[in-house]
Amino acid sequence: MHKLQQQYQEQIQELVDACVRVAELGYVTSHGGNLSYRVAENVVLITPTKVAKRKIKFDDICLIDMAGNVLFAKEGRKPTGETPFHLRIFNKRPDVKGIVHAHPPVMTGFAIASTDLLAVPTLPEPIIEVGPMLTVPYEEPLTEALAEAFDDKLAYANAFLMKNHGALVVSTEGVERALDFFEMMEAAAKSLLVAKLLGGVDPLSKEDVQNLERTMKTRNLPMPGAPGKVSGLVELFFDRKK
């Protein structure tokens, strides 16, 4: 075992488990999706290119630095081609540790339809745990332009619809928690789809959203988005600038 694998053994296994889980949930197909986990200031664990997530093993995980240089990868493995947007997010959001990008059917449908329903305050848990899910403009996969597309939204949310592409969720706690949030948002998308089919979506009011800050304090939850960027949930959902 490489010394870096030994040093970050627990975190590598967490990433492997998340890969298998995201496949079991049906959020990825073929070689799609990619996950990463920042485990030190200049060490990132990231999934390899062209390996199905359900088949990911411990030795498949690549270790890179924040410049994208490979610190360790077994023979035949190299980091995902989407590495640029993972590293750009980590650079722009120093608080983020885990990133999950996948193509869940319902959220991806929202991304194709260009609906902002997941940015509307409707359900308490997504509001206080994740924040609004903001749409990132379409850019060609594997490009620096795709990485840059997140810049205007990144400070105001922890979840993003990638137009005509998929979804991405981040966490300040790690990749397992990022996947928990990913599941939460896909469940919210299903509920909103049902609501639309039943006649419409009835959002929470500003007062309702303001009152949820009490719940956040009780549970000691951080404000979604970049630390210190907004004053509270009302600004985040109703008065944000982006």
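**Notes on Tyr27 and its surroundings**

1. Let's start with Tyr27. Setting aside neighbours within four places in sequence, Tyr27 is in contact (heavy atoms within 4.5 Å) with Val22, Ala102, His103, Pro104, Phe182, Glu183 and Glu186. Bear in mind that this is a predicted model, where local features need pLDDT of at least 70, side-chain atom pairs count only at pLDDT 80 or more, and totals for chains, interfaces and linings use all residues. Residues are numbered from 1 along each chain as its sequence is written, and side-chain values use heavy atoms, with hydrogens and water left out.

2. Where does Tyr27 sit? Tyr27 is in the loop between α2 (9–24) and β1 (34–40); helices (H or I, at least four residues) and strands (E, at least two) are DSSP runs, numbered from the N terminus. Tyr27 counts as buried because its relative accessibility is 6%, and buried means under 20% relative accessible area, with exposed over 50% and partly exposed in between (1.4 Å probe, protein chains only). From Tyr27 to Pro105 is 78 residues in sequence, but 6.9 Å in space, C-alpha to C-alpha.

3. Glu186 is buried but has no salt bridge: Lys190, the nearest side chain of opposite charge, is 5.1 Å away. A salt bridge here is a side-chain nitrogen of Lys or Arg within 4 Å of a carboxyl oxygen of Asp or Glu; Lys and Arg count as positive, Asp and Glu as negative, and His and the chain ends are not counted.

4. On to Phe182, another partner of Tyr27. Its contacts, neighbours within four places aside, also include Val100, Met107 and Leu168. Phe182 is one of the residues with the most contacts inside the largest nonpolar core, which has 46 residues. α7 gives the largest share of this core, 10 residues. Such a core is a set of buried Ala, Val, Leu, Ile, Met, Phe, Trp, Tyr and Cys residues joined through side-chain atoms within 4.5 Å. Apart from it there is another core of 37 residues, including Leu146 and Phe160.

5. Finally, the whole chain. It has 9 helices and 8 strands, and 51% of its 242 residues are buried. Among contacts between residues at least 6 apart in sequence, 68% join residues at least 24 apart. The C-alpha atoms fill a box of roughly 55 × 35 × 30 Å along the principal axes.
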